[in-house]
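Please look at the sequence and the model before reading on.

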Amino acid sequence: MKIKYIALVGVLAYLISAGASASNKNELSQFMLECAQVNKDAKRLACFDRLVEDKVKQLTPVNVQKAPVLKTNTTVSSVTVEKVAEFSKQHLRKTAKEQGLDSITSKVNKLKKLLRGQWIIDLENGQQWRQKDGAKIKLNVGDTVQLKKGSMGSVYLYVEGKNRSIRVKRLK
């Protein structure tokens, strides 16, 4: 929070000093120091707001009309609209068609065991999966396995004819 105020002070000092004369700079820096020493955030912000209002009034000629306030985001690019539409869309309930398959079955083509006993499993369909938990399961090349979706995006690998499963993550 204080960093924002320090940055605000710096920006205000730069903007105001660009249009102020040398004698006004000393006055301005004195006012800024006084505002910076205020302890409460709301009062310090109000002090800087008053300071800016005063300096803007001094720098703005009386006969110049104020520029109309432009509304922000009047034109939104299609890329932004798409990003907004896709924001957190995974939380929406999906129909059965949108969810896709609940499980697949394939044969093990290649196995590799990592240092901590976890498996890297290459399947006949070209997919590669890595074990994510520490559960023990016996796997052999040629075994038929079933991959089932679990909750919160998890996937479990079951060997047909066995009652055990491991949690896996797809690599390719």
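Which residue is the bridge partner of Q146 in β5? The bridge partner is Y158.

## Basis of the model

This is a predicted model, in which local features need pLDDT of at least 70 and side-chain atom pairs count only at pLDDT 80 or more, while totals for chains, interfaces and linings use all residues. Residues are numbered from 1 along each chain as its sequence is written, and side-chain values use heavy atoms, with hydrogens and water left out.

## The barrel

Six strands close into a barrel, in the order β1-β2-β3-β6-β5-β4, with antiparallel pairing. Strands here are DSSP runs (E, at least two residues), numbered from the N terminus, and two of them pair if DSSP finds at least two bridges between them. Strands of a sheet pair through backbone hydrogen bonds, either parallel or antiparallel.

On average, neighbouring strands of this sheet are turned by 45° against each other, direction ignored. The axes are lines fitted to C-alpha atoms, and angles between N-to-C directions run from 0 to 180 degrees.

## Strand β1 and its partners

Strand β1 (residues 103-113) is joined to strand β4 (residues 144-149) by five bridges, and the two run antiparallel. S103 stands opposite K148 of β4, and T105 stands opposite Q146 of β4.

β1 also pairs with strand β2 (residues 119-123), again antiparallel and over five bridges. K110 faces D122 in β2. The hairpin of β1 and β2 has five residues between the strands, and G117 there takes a positive phi near 85°.

Five bridges hold β4 and β5 in an antiparallel pair. These strands form a hairpin with five residues between them, and M152 in the turn has a positive phi of about 55°.

β5 (residues 155-159) is joined to β6 (residues 165-170) by four bridges, also antiparallel. Y156 has R167 as its bridge partner in β6.

The charged end of K148 sits over the ring of Y158, 5.1 Å from its centre. For this, NZ of Lys or CZ of Arg must be within 6 Å of the ring centre and within 35 degrees of the ring normal.

## The largest pocket

The largest pocket is lined by Q99, D102, K149, G150, S151, M152, G153, S154 and V155. On a 1 Å grid over the protein atoms alone, a pocket is an open set of points where a 1.4 Å probe fits, with protein on both sides within 12 Å along at least five of seven lines; lining residues have an atom within 4 Å of a point.
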